[in-house]
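This briefing summarises selected features of the structure shown below, grouped by topic.

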Amino acid sequence: MDRTSKVVKTFTRKLFPFILLYGCYLISHGHLTPGGGFQGGVIFGSAIILLGLVEGIRMTEKRFREDMLSLTKNIGMLIFMLFGFTGMILGYAFLSDFLPKGETGTVPSAGLILLLNLTIGFMVGTGIAVIFYRSVRHGSEEE
Amino acid sequence: MTWLNGLNIGIIVILIGLYGMLTKTNLIKMIMCLYVMSSGVILFFISLGYVSGGEAAIFENGVKAMVDPLPQAVMLTTLVIGLGITALGLALAIKTYEDNRTLDTRKLKEKEE
Amino acid sequence: MESTPILIITFPLIAAFLTHLTKYTNIKRGAELVAALGLIIPLALLITTAQTIFTGNILEYNIGGWPVPLGINLVIDGLSFFFCALVIGIGLLILLYSMGIYLYARRYYSLLLIAFSGILGIILTRDIFNMYVFFEILAVASYVLITYKRKPRTVTASFKYLIISESTWVFFLLAIAMLYGLTGTLNMDSIASQIGVIYNSNPQIIHLIIALMMISFGIKCGMFPLHTWIPDAHSQAPTPVSSLLSGLILKVGIYAIIRIFYLLFKPILLQNGAGLLLTYLGAITLIFGACMALVQDELKKLLAYSSINQIGFILVGVGLGSYVGLMGGLFHTINHALIKTALFFCAGIIISQTGFWKVSQLRGVWKRMPGVTLAFSALSLAIIGIPPFNGFFSKLFILRAALMKGHLILMIILVSGVIVTAAYYFRVIGTFFIPWESKQARDFVPNPVGPFEHVSAYIIAAGCLIIGIIPGPILSIIEPAIRSLLS
Amino acid sequence: MTRTIIILTLLGLALFAFSAMDFEYGKPGPRVSEHYIEKGVTETGALNMVTSIYLNYRAYDTLGEATVFFATALGVFMLLRKEKSGDGSHFESS
């Protein structure tokens, strides 16, 4: 017996990509407008949670598999460290901004900040999704 | 009423959280009080950086005075740490409820003896 | 090379994230290999810096290339070198012990390495907020590690630790906020330079900040009123984690107290004797820990209370603030870290072999495991402070420091502390050597014990004896630490 | 009864804190963030000063805090798992 009505389902399915788009906007414009890696990542996570609530866990599990999510967290952290070390290899200090700064005001204008924002966005998004999966699955017994 | 500014209210919110922490016995309520306390600290720290008449710390044309951006950047980190701690606390509370079927610290203490 | 401080912290972090990826490689015990490398490389790096540190100058590293007030900088001076060497050494022994028990999965090593990088991050950073972030890393890693055994009581113990630790750490954040409000910067050195001026204009707020920091560091190092989480966390955690807890996490609390009080509040500390407050809190912790340990029946809880007892000794030594006192405090930190880690190892082996965890049930352990019992009793003698072992010298230094300062009551408390420590350890050793065995629980099958476990306990027992006989090299390591503090 | 004691001690703490604090709200003293505001755009290229601080000047904090979040997600993942055998759940009966 599926309690969520048809309207809610189709609406969220249509809305889902736009929420992701908004999350990407927040991350990519993190250094120009208020926003940044964490806020965009939280919006990614909430998009996955919304899908999970409406479609049910087994459906979303097919699209966003849990071990892939925790793998992305690991790789995200390694990429973050990699950015730090490339700074060192190029002779600057750890985690320093080695990319050229474009003219201010455009998206690629802050060098490393954009890439760091992206990695953090992914990690926070997948982290929240994993926490959501775990607490929901733990409650319902249908493993 | 110049006394009611962010600094003093922040301290009051921390103390309210501390009061809740000392008196509540339900596990979930303790985590809520914990988060109230950390919001109080965040309010205190950010209102330290307030510059009267300052705008948000983003460069747009026509921005005269700017608010101090450092507390905001530092408190962003504290927020995410608070989120992590609350998520972990709630997971622990779920696990204790599953094992002992109670969230009341007094009953948990009796169960331990 | 000059970028060692950052490498010492990031290598364990990288190893932590790589252990999870060893799932996809078919190296047999890849996780342990990566974990061991994650600690051996920082040790090698630390040794390369030994030359510069011993000649008295420091190694500084600005992260992101920003000069001091703007960015975060890491500094290795005498004190941080001493604590880094202690932490990595004990960390390797804990890893060695965990490898002995084959049952730990990759996630355990990942979390253990995150905890180590947190500890190393605290020791090297010169930025208060950064110290808060790394204390949170250490705290979160230890909350999860405590619940690794998935027993019901581990979850309640971890919850109690989380609530107590986080609610006091809100006050540390408040202290950071007030320091930022007063001095306008988060860097320890620039704050230290302005503290004197602020203290003259408004002494009240500095007392408030000292009180807030005393509370938050008190919880981390198990000072008297805030120690309630220690017995539960230690007795419920798996053995390597409880030795991590009492061997390293309490020591990092001690390091933070020394760093904050001797760097930030040095002028005030010596003037009105905030150090005396530290000494008397240490004395109360000492008495409380000793008395509670006397009545304890669970072996691991007894060791936990004995940790509180020994931390009291260290706090007294550090609070006195004299050269000899600091020497005694730091030397006892090393001794206690080594001995307590090995005691928890032996306790873990004894419990996993006999199935009993109460001292009264552990009769006749001598016949079943002569080696481990011998190591346990040697280590207990060391912690009590019997001459040939290293515990004797450190407690002697602290006693002499108290004598020189002329605190008579303190002398009495210290001596009675030693006597009570001897009392509860001899009670434990006594039950081990009782000839007749306690009846064996039928359904209990001892767990497979790998060769590594005994090895690490024996290494430390031998190490204690060697340090006791020739304390020279260890004292020469402590020398630059005290010089950097009292300069 | 104990509640009144707790309330009294908290009020005492509040009075002590308010008497000790002498920050004037809105007019902060000399700050390191004046440098961030003046030279921030030229040094980091970002318009949003808050992002430039926590990703460029103090990126190390963000690395630490991402590890905190990683450790919590790992912790919740391990805690709320179904009772799986192995993984350290059946040794050391203490």
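Helices here are DSSP runs of H or I with at least four residues, numbered from the N terminus. By that assignment, Leu7(B) lies in helix α1 of chain B, which spans residues 6-23. The model is predicted.

**Chain C as a whole**

- Chain C contains 20 helices and two strands.
- A compact globule of 487 residues would have a radius of gyration near 23 Å, and the 22 Å of chain C agrees with this.
- Along the principal axes, the C-alpha atoms of chain C fill a box of roughly 70 × 60 × 40 Å.
- Of the 487 residues in chain C, 63% are buried.
- Among contacts in chain C with a separation of 6 or more, 78% join residues 24 or more positions apart.

**Contact between chains D and C**

- Chain D contributes 35 residues to this contact and chain C contributes 48 residues.
- On the side of chain D that touches chain C, the elements giving two or more residues are α1 (2-20), α3 (49-57) and α4 (59-79) of chain D.
- The most is given by α4(D), with 13 residues.
- By class, this side of chain D has 16 nonpolar, twelve polar and seven charged residues.

**Contact between chains D and A**

- Here 22 residues come from chain D and 31 residues from chain A.
- At least two residues each are supplied to the side of chain D that touches chain A by α2 (33-44), α3 and α4 of chain D.
- The largest share of this side is that of α4(D), with ten residues.
- The residues on the side of chain D that touches chain A comprise 14 nonpolar, seven polar and one charged.

**Packing of α3(B) with α4(D)**

- Helix α3 of chain B (residues 69-100) and α4(D) have axes that come within 9 Å and cross at roughly 10°.
- Angles under 35 degrees count as roughly parallel, and α3(B) and α4(D) are therefore roughly parallel to each other.
- The crossing in which α3(B) passes α4(D) is left-handed.
- From α3(B), the contact is made by Thr77(B), Val80(B), Ile81(B), Gly84(B), Ala87(B), Leu88(B), Ala91(B), Leu92(B) and Lys95(B).
- From α4(D), the residues involved are Asp61(D), Thr62(D), Glu65(D), Val68(D), Phe69(D), Thr72(D), Gly75(D), Val76(D) and Leu79(D).
- By class, the contact of α3(B) with α4(D) has ten nonpolar, five polar and three charged residues.

**Packing of α8(C) with α10(C)**

- Within chain C, the axes of helix α8 (residues 203-221) and helix α10 (residues 239-264) come within 7 Å and cross at roughly 155°.
- This angle makes α8(C) roughly antiparallel to α10(C).
- The contact of α8(C) with α10(C) has ten nonpolar, one polar and one charged residues by class.

**Surroundings of Leu7(B)**

- Leu7(B) counts as buried because it has 24 C-beta neighbours inside 10 Å, where 20 or more are required.
- From C-alpha to C-alpha, Leu7(B) and Leu48(B) are 6.8 Å apart in space, although they are 41 residues apart in sequence.
- Leaving aside residues up to four places away in sequence, Leu7(B) touches Phe44(B), Ser47(B) and Leu48(B), as well as Met21(D), Phe23(D) and Tyr25(D).

**Residues with positive phi**

- Most residues other than glycine have a negative phi.
- Leu95(A), which is not a glycine, has a positive phi of about 60°.
- Leu95(A) is placed in the loop between α4 (66-89) and α5 (112-139) of chain A.
- With 30 C-beta neighbours inside 10 Å, Leu95(A) counts as buried.
- Arg101(B) is not a glycine either, and has a positive phi of about 60°.
- The loop between α3 and α4 (105-112) of chain B holds Arg101(B).
- Arg101(B) counts as exposed, with 9 C-beta neighbours inside 10 Å.

Terms used
Residues are numbered from 1 along each chain as its sequence is written. Chains are lettered from A and ligands numbered from 1 in the order in which they are written. This is a predicted model: local features need pLDDT of at least 70, side-chain atom pairs count only at pLDDT 80 or more; totals for chains, interfaces and linings use all residues. Two residues are in contact if their C-beta atoms, placed from the backbone, lie within 7 Å. Ala, Val, Leu, Ile, Met, Phe, Trp, Tyr, Cys and Pro count as nonpolar, Asp, Glu, Lys and Arg as charged, and the others, Gly among them, as polar. The radius of gyration is taken over C-alpha atoms; the globule rule is 2.2 Å times the number of residues to the power 0.38. A residue is buried if 20 or more other C-beta atoms lie within 10 Å of its own, exposed if 12 or fewer, and partly exposed in between; C-beta atoms are placed from the backbone. Axes are lines fitted to C-alpha atoms, for helices over the stretch in contact, and angles run from 0 to 180 degrees between N-to-C directions. Angles under 35 degrees count as roughly parallel, over 145 as roughly antiparallel, 65 to 115 as roughly perpendicular and the rest as oblique. A crossing is left-handed if the near helix is turned anticlockwise from the far one by less than a right angle, and right-handed if clockwise.
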